[in-house]
Amino acid sequence: TMIADIPTVSKVEEFAEYAGLRDVKTESATEIFEYENGAAFVASTLVSDFLLPVWLDMLDEETAENVKQKLAQLIDEEEADLSFRFTVKVTLITGKKEQAH
């Protein structure tokens, strides 16, 4: 569900054209975020405010909190004394919309 709910670039371009934009262009890039440890990753704005609410939407509050704690713990166990890098592919879409007369 987490992956299937993310629209493809072509789908986003379709949305833009449906919204009346013309000369639609997209630019994609990979962004790297580095965190000191698992707790910092889970507490970061990107993760806590943007990603986790979507990823954990199907869980009750207590279970979601347990998953967050376990995720931070697993990151720390896997990364040991190294920082944790998280990569995200981002897409910027631009277009022009004609003003109503």
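A nonpolar core is a set of buried Ala, Val, Leu, Ile, Met, Phe, Trp, Tyr and Cys residues joined through side-chain atoms within 4.5 Å. In this predicted model, the largest such core has 12 residues: Y35, F41, V42, V47, L51, L52, L56, A64, A72, I75, F84 and F86. Two or more of these residues come from each of α2 (38-43), α3, α4 and β2 (84-96).

Let's look at the aromatic side of this core. The model has 3 aromatic pairs, and ring pairs link Y35, F41, F84 and F86 into a cluster. Here are two of the pairs:

| Pair | Centre to centre | Angle between planes | Geometry |
|---|---|---|---|
| Y35 and F41 | 5.4 Å | 75 degrees | edge-to-face |
| F41 and F84 | 5.0 Å | 80 degrees | edge-to-face |

F41 belongs to helix α2 and F84 to strand β2, so their pairing ties together parts that are 43 residues apart in sequence. F41 is buried, at 3% relative accessible area. Y35 is buried too, at 11%, and F84 is buried at 14%. I75 joins the picture here: leaving aside residues up to four places away in sequence, I75 touches N37, G38, F41 and F84.

Now for the surface. M58, L59 and V67 make up a nonpolar patch there, with about 250 Å² of accessible area together. M58 sits in the loop between α3 (45-55) and α4 (61-79). Its relative accessible area is 58%, so M58 counts as exposed, the cut-off being over 50%.

F15, in helix α1 (residues 9-18), is partly exposed at 48% relative accessibility. The C-alpha atoms of F15 and K25 are separated by 12 Å, with the two residues 10 apart along the chain.

Methods
Residues numbered from 1 in each chain as written. Predicted model: local features only at pLDDT ≥ 70, side-chain atom pairs only at ≥ 80, totals over all residues. Heavy atoms only, no water. Patch = residues over 30% accessible without salt bridge, like charges linked within 9 Å, V, L, I, M, F, W, Y side chains within 5 Å. Areas by Shrake-Rupley, 256 points an atom, 1.4 Å probe, with all protein chains shown as cover. Salt bridge = Lys/Arg side-chain N within 4 Å of Asp/Glu carboxyl O. Helix = DSSP H or I, 4+ residues; strand = E, 2+ residues; numbered from the N terminus. Buried < 20%, exposed > 50% of the residue type's maximum accessible area, 1.4 Å probe, protein only. Contact = heavy atoms within 4.5 Å. Phe/Tyr/Trp six-rings, centres within 6.5 Å; stacked < 30°, edge-to-face > 60°.
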